[in-house]
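Welcome! Take a moment to look at the sequence and the 3D view, and then we can walk through them together.

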Amino acid sequence: DDGVGRGDGHHENVTAPDDNDNSEEDIVSAPTSEADRMTLFNNLNLTKYINKDVMSVASLPIFLFEPTTTLQRIAEIFEHGHALLILANSQQDPVMRMAYVAAFAVANYAGSERTGKPFNPILGETFEMVGGGGAGFTTATAATDDKRDDDAANDSTTKNFYLLAEQVSHHPPIGAAHAECTNHYEYSITSAPKTKFHGNSVTIYPINYTTVQLKSQRQETYRLRRTPVTAVNNLIVGGSMWTDTHGTLEICSDDGVTTCTLQFEQCGSFGEGHYEVMGTVRRNGVPQVAICGLWNEGLDAVACDVDGNPIDDADPISLWRVDPAYVEASKKNKYSVTPFVDRMNACDASSLGALVRRRNSGRACDLSAAVVDDGDRLLLPSDSRLRPDREALQRGDLSTAARWKGRLEEQQREERRRRDAEGTEYKPRYFTLRRRRGAEEEESNDDDAPMAIPYDVDLERFRRRADAAIMAATTMAPAAGDDDDDDGADDDCVKFAPWQYSD
C-alpha cells in the first residue's frame with residue numbers, strides 16, 4: 001500500500017478498474033502446499049523485505065487479506081470492551097476499577113488469533129459505530145457479587161455510544177479513534193503499528209497512545225503505557241499459520257497511585273505457556289489483587305499477598321469470559337471472524353450502515369428525518385464498509401478484490417503526486433496532531449516501550465457528528481424483518497471517496 005490521499009477538498013469517487021488490469025495483486029489463489037508457498041514468496045521477491053516493515057512497503061497478494069481494515073480492528077475492542085468499561089465505571093474500589101480496565105485491554109487480544117491481514121486504510125478513510133458493539137454483551141460474561149454491576153453491564157442505553165476512527169497519516173500509517181459512552185467512559189487511541197518480516201514470520205508492534213477516562217464523579221483517566229507484540233508464524237513453511245501474543249502490558253492511573261502490570265507468556269515448546277496472562281494491580285506499589293487467565297478465553301481477579309501471589313482460599317472474581325458459542329461460530333467463518341465482526345462488516349452493528357444498505361438496495365428511507373453533519377449523510381462516503389476491494393473480498397470474489405485494491409493504491413499515489421505538485425498539505429478532518437512536550441517526548445523515545453505521538457480529537461466536530469449519527473440511528477432504525485443480505489454499496493448510490501473533505 002503506497003502513497004497518500006488528496007486533502008484539498010477535491011471530490012473524486014474511486015473509478016472502477018479495467019477488467020484487463022494486471023498486477024502482482026492478481027495472484028488470488030492461496031498456495032496449497034509448502035512448496036507452492038515457497039515458490040510464490042520467491043517469485044514475489046519478499047526476501048528483500050527481511051527485517052523491514054513489510055506490511056507498509058510491500059503490496060501483498062489478496063489471498064493474505066481478510067475483509068476488514070485496521071480502523072475496523074480498532075473498533076473491534078468494543079465487542080467485549082463496552083460492557084467492561086461500564087463495569088469499571090461502576091466500581092467503588094479503585095483496585096477493581098483498574099482490574100476491569102485491565103480486562104478491557106486484554107479482551108482486545110481475543111480476536112488476534114486471526115492470521116488474515118486487514119487492509120491498510122486509504123488516507124482520510126473513516127469508520128463509524130453506533131451502539132457500543134451490541135453483540136459485545138453476549139460475548140462477555142462479567143460477574144461480581146454486586147447486582148449493580150450486572151445492571152451496568154447490561155445497560156440498555158447502548159445507543160448513547162459512538163465511535164469514529166480516521167486514517168490520519170499514510171506514511172507512516174497512523175489511525176486515530178475516539179469513542180464516548182454518555183455517563184460512562186471516553187476512549188482515545190492513536191495507532192501507528194509497525195511490523196518486522198523475519199522470512200517465515202512477521203512481528204506486529206502496536207505502537208499506540210491509548211487513554212481511557214471513566215465518567216463517574218471521580219473522572220479518572222488510565223493510560224496504556226506498554227502493550228505486547230503479536231507474531232504470525234509459519235508464513236511459508238511449518239504447517240498452518242498461527243499467532244502468539246507475548247510481552248508486557250502496563251496501565252497507570254492519572255495520579256500514578258494505581259497501576260497494573262500483566263505479563264503475556266511467550267509460547268514455548270509444545271505450546272507451553274501459550275495464551276497465559278498473569279500480573280497484579282498495585283496501589284502505591286503494593287500488590288492488591290492478582291490477575292490471571294488466558295487472553296483468548298477470559299480473566300479472573302483474586303486477592304493476593306504482598307508478593308503478588310494469589311491467596312489459596314480466596315474466591316476469584318470472574319472479570320471477563322468469551323462466550324464459547326462465539327468461538328465455535330468463528331471457527332465456521334471463512335476468515336475466522338466472530339459474529340460481531342461479521343455483522344459489523346455487514347453494517348448490522350451500525351444502524352447507520354444498515355440504513356445506507358437499505359437506501360442502496362432501493363428500500364424507502366426518509367432522509368429528511370436525519371439532519372446529519374457532513375452533508376446529510378447517514379454514512380460518510382469515506383467509511384471502510386464502502387471499500388470496493390473489501391466488499392468484493394467479503395463476497396469471495398478475489399479477482400475483483402485484487403483489481404480494486406490495485407486501483408485504489410494507484411489512485412492514492414496519483415493523489416499524492418498531485419498534492420506534492422500543488423504544495424498542499426493534507427489535514428485530517430476529525431483529529432489534530434499533538435505537538436510533543438518534554439515528558440511525553442522522553443516516553444515516546446523509550447526503545448523498550450515506544451509510543452505514538454497522539455492525535456487529539458476535535459471534540460466539537462466529533463460530538464456534532466455523534467449527535468447526528470445517534471439521532472439518525474435511533475429515529476430511522478431499519479424495520480423489523482428487513483432483509484440484510486445485500487452485498488453493499490451499489491454504483492448509483494454511496495461511493496467510496498475518502499479524500500473529498502476540506503476544512
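How many salt bridges does a search of the whole structure find? The search finds 23 salt bridges, where a salt bridge is a side-chain nitrogen of Lys or Arg within 4 Å of a carboxyl oxygen of Asp or Glu.

## Before we start

This is a predicted model, in which local features need pLDDT of at least 70 and side-chain atom pairs count only at pLDDT 80 or more, while totals for chains, interfaces and linings use all residues. Residues are numbered from 1 along each chain as its sequence is written, and side-chain values use heavy atoms, with hydrogens and water left out.

## The overall picture

The protein has 15 helices and 19 strands. Both are DSSP runs numbered from the N terminus: helices are H or I with at least four residues, and strands are E with at least two. Of the 503 residues in the protein, 56% are buried. Here buried means under 20% relative accessible area, exposed means over 50%, and partly exposed lies in between (1.4 Å probe, protein chains only).

The protein exposes about 21,100 Å², and carbon and sulfur atoms supply 47% of that area. Accessible areas come from the Shrake-Rupley method with a 1.4 Å probe, and for residues only the protein chains shown count as cover. Contacts tell us about the fold too: among those between residues at least 6 apart in sequence, 67% join residues at least 24 apart. A contact means heavy atoms within 4.5 Å.

Side chains of opposite charge can pair when their charged atoms come close. One example is Arg-97 with Glu-220, whose side chains meet in a salt bridge at 2.6 Å, N to O. This pair links distant parts of the chain, 123 residues apart: Arg-97 is in helix α5 (residues 94-107), and Glu-220 is in the loop between β9 (208-214) and β10 (221-226). Arg-97 is buried at 3% relative accessible area, and Glu-220 is buried as well, at 13%.

Another salt bridge joins Arg-463 and Glu-180, with the closest N and O atoms 2.9 Å apart. Here the two partners are 283 residues apart, with Arg-463 in helix α15 (residues 459-475) and Glu-180 in strand β5 (residues 174-181). Arg-463 is partly exposed at 34% relative accessibility, whereas Glu-180 is buried at 14%. A further pair is Arg-226 and Glu-250, at 3.4 Å from N to O. Strand β10 holds Arg-226 and strand β12 (residues 242-253) holds Glu-250, 24 residues apart. There is also a network of salt bridges that links Glu-66, Arg-73, Glu-76 and Arg-114.

## Strand β9 and its partners

What does β9 pair with, and in which sense? Strand β6 (residues 185-191) and β9 pair in the antiparallel sense over 7 bridges, and β9 and β10 pair in the antiparallel sense over 4 bridges. Two strands count as paired if DSSP finds at least two bridges between them.

Individual residues show how these pairings line up. Tyr-187 has Val-212 in β9 as its bridge partner, while Thr-210 has Leu-224 in β10. As for cover, 5 of the 7 residues of β9 are buried.

## A closer look at Asp-389

Is Asp-389 buried or exposed? Asp-389 is buried, with a relative accessible area of 0%, and its place is in helix α12 (residues 388-395). Leaving aside neighbours within four places in sequence, Asp-389 is in contact with Phe-119, Ala-401, Trp-404, Lys-405 and Leu-408.

The side chain of Asp-389 also makes a polar contact with the side chain of Arg-387, at 2.8 Å. A polar contact is a pair of N or O atoms within 3.5 Å; within protein, one must be able to donate a hydrogen and the other to accept it, and residues adjacent in sequence count only if both atoms are side-chain atoms.

Most residues other than glycine have a negative phi, and most peptide bonds are trans. Against that background, look at His-171 and Pro-172, which are joined by a cis peptide bond with omega of about 0°. Pro-172 is in the loop between β4 (161-169) and β5.

Asn-183 is not a glycine, yet it has a positive phi of about 70°. Asn-183 lies in the loop between β5 and β6 and is exposed, at 60% relative accessibility. Tyr-275, also not a glycine, has a positive phi of about 80°, and Tyr-275 lies in the loop between β13 (258-264) and β14 (276-283).
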